[in-house]
Amino acid sequence: MSAIRDDLAKAIKNKHLVEIYSKGTNEQFSVGYVIQQDEKFVLVKAVNVDGELDGLVVFRKASLARVISDTDYLKSMATIITLAKQRGYYDIWNTERLMNKLLKKQHKTKHSLLKTLLMQAFHHDQVIQLSGRIKKHGDSYAGFIHSEHKKYIEFNYVDMFDLEKRPQIAIRYAEIDEASFHSFETFNTTAVIESFMPGDFH
């Protein structure tokens with residue numbers, strides 16, 4: 001854990017692009033810029049394969065296997081990001097502006113990075129994606145927070161294969177290993193919600 005914390009601190013200081021591997025996923029990894037860490041969580045500005053900013057992600061540090069910088073893949077991605085910036089599609093969702101607002105709020109409230117992201121999503125009607133050790137359910141959900149409680153949230157997720165359903169589950173904060181919003185997936189889910197279930201969302 002201390003090695004990961006040190007690698008994250010180095011990535012924050014140097015503003016380097018990194019590969020982030022979660023435990024149990026040796027082949028799959030996320031790419032992004034590490035922005036900030038607290039005792040349990042780290043905030044990452046995610047980048048997709050086309051070099052576009054793809055949301056803000058909070059990872060639980062205990063769920064991470066390793067953080068790597070300076071690979072050939074990251075060198076390739078840096079070139080692709082440069083192209084995205086040159087062509088004007090690097091930050092089409094204004095993610096950097098949202099990130100600055102989130103960091104200011106987190107500094108004022110002193111909540112964890114996870115709690116700050118969840119509160120932002122709840123109070124501003126934003127769709128989020130959650131994954132982790134969510135019992136009796138799948139690995140990942142996109143939807144919106146119905147209500148907040150001391151140790152858990154009531155979460156309405158979207159089933160793209162059955163738009164008549166209105167599934168709701170209770171998710172404890174301790175079960176969430178990854179939370180993201182302001183990404184292509186969450187904006188896509190928002191469009192579906194607005195089209196088929198706007199009364200449930202707002």
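**Notebook: burial, a helix and salt bridges**

I began with E175, which counts as buried because its relative accessibility is 6%. Buried means under 20% relative accessible area, exposed means over 50%, and partly exposed lies in between (1.4 Å probe, protein chains only). I noted that this is a predicted model: local features need pLDDT of at least 70, side-chain atom pairs count only at pLDDT 80 or more, and totals for chains, interfaces and linings use all residues. Residues are numbered from 1 along each chain as its sequence is written, and side-chain values use heavy atoms, with hydrogens and water left out.

**Entry 1: salt bridges**

I looked up the partner of E175. The side chain of E175 meets that of R172 in a salt bridge, at 3.8 Å from N to O. A salt bridge here is a side-chain nitrogen of Lys or Arg within 4 Å of a carboxyl oxygen of Asp or Glu. R172 counts as partly exposed, at 39% relative accessibility.

How many salt bridges does the structure hold? I found six. In one of them, K45 pairs with E96, and the closest N and O atoms are 2.7 Å apart. This pair links distant parts of the chain: K45 sits in strand β3 and E96 in helix α3 (residues 95-109), 51 residues apart. Helices (H or I, at least four residues) and strands (E, at least two) are DSSP runs, numbered from the N terminus. K45 is buried at 8% relative accessibility, whereas E96 is partly exposed at 31%.

I also found a network of salt bridges that links R60, R133 and D177.

**Entry 2: helix α2**

I turned to helix α2, residues 72-87. Its 16 residues reach 23 Å from first C-alpha to last, close to the expected 22 Å. The expected span is 1.5 Å times one less than the number of residues.

Which residues of α2 are buried? They are L74, M77, I81 and A84. Seen down the axis of α2, they fall within an arc of 65°, so they line one face of the helix. The arc is that of the directions from the helix axis to the C-beta atoms. The cover over these buried residues includes β1 (17-22), β2 (30-37), β3 (41-47) and β5 (64-69). On the other side of α2, D72, T79, Q86 and R87 are exposed.

I checked D72 again. D72 has a relative accessible area of 59%. D72 forms a salt bridge with K75, with the closest N and O atoms 3.8 Å apart. The two are three residues apart in α2, so about one helical turn separates them. After α2 comes G88, with a positive phi near 85°.

**Entry 3: positive phi**

Most residues other than glycine have a negative phi. I looked at two residues with positive values. K15 has a phi near 55°. K15 lies in the loop between α1 (2-14) and β1, and is exposed at 68% relative accessibility. D125 has a phi near 50°. D125 is in the loop between α4 (113-123) and β6 (128-132), and is partly exposed at 35%.

**Entry 4: V57**

Last, I looked up V57 in strand β4 (residues 53-60). V57 is buried, with a relative accessible area of 7%. What does V57 contact, leaving aside neighbours within four places in sequence? I listed V42, L43, V44, A46, E178, A179 and S180. Contact means heavy atoms within 4.5 Å. V57 and S180 are 123 residues apart along the chain, yet their C-alpha atoms are separated by 4.2 Å.
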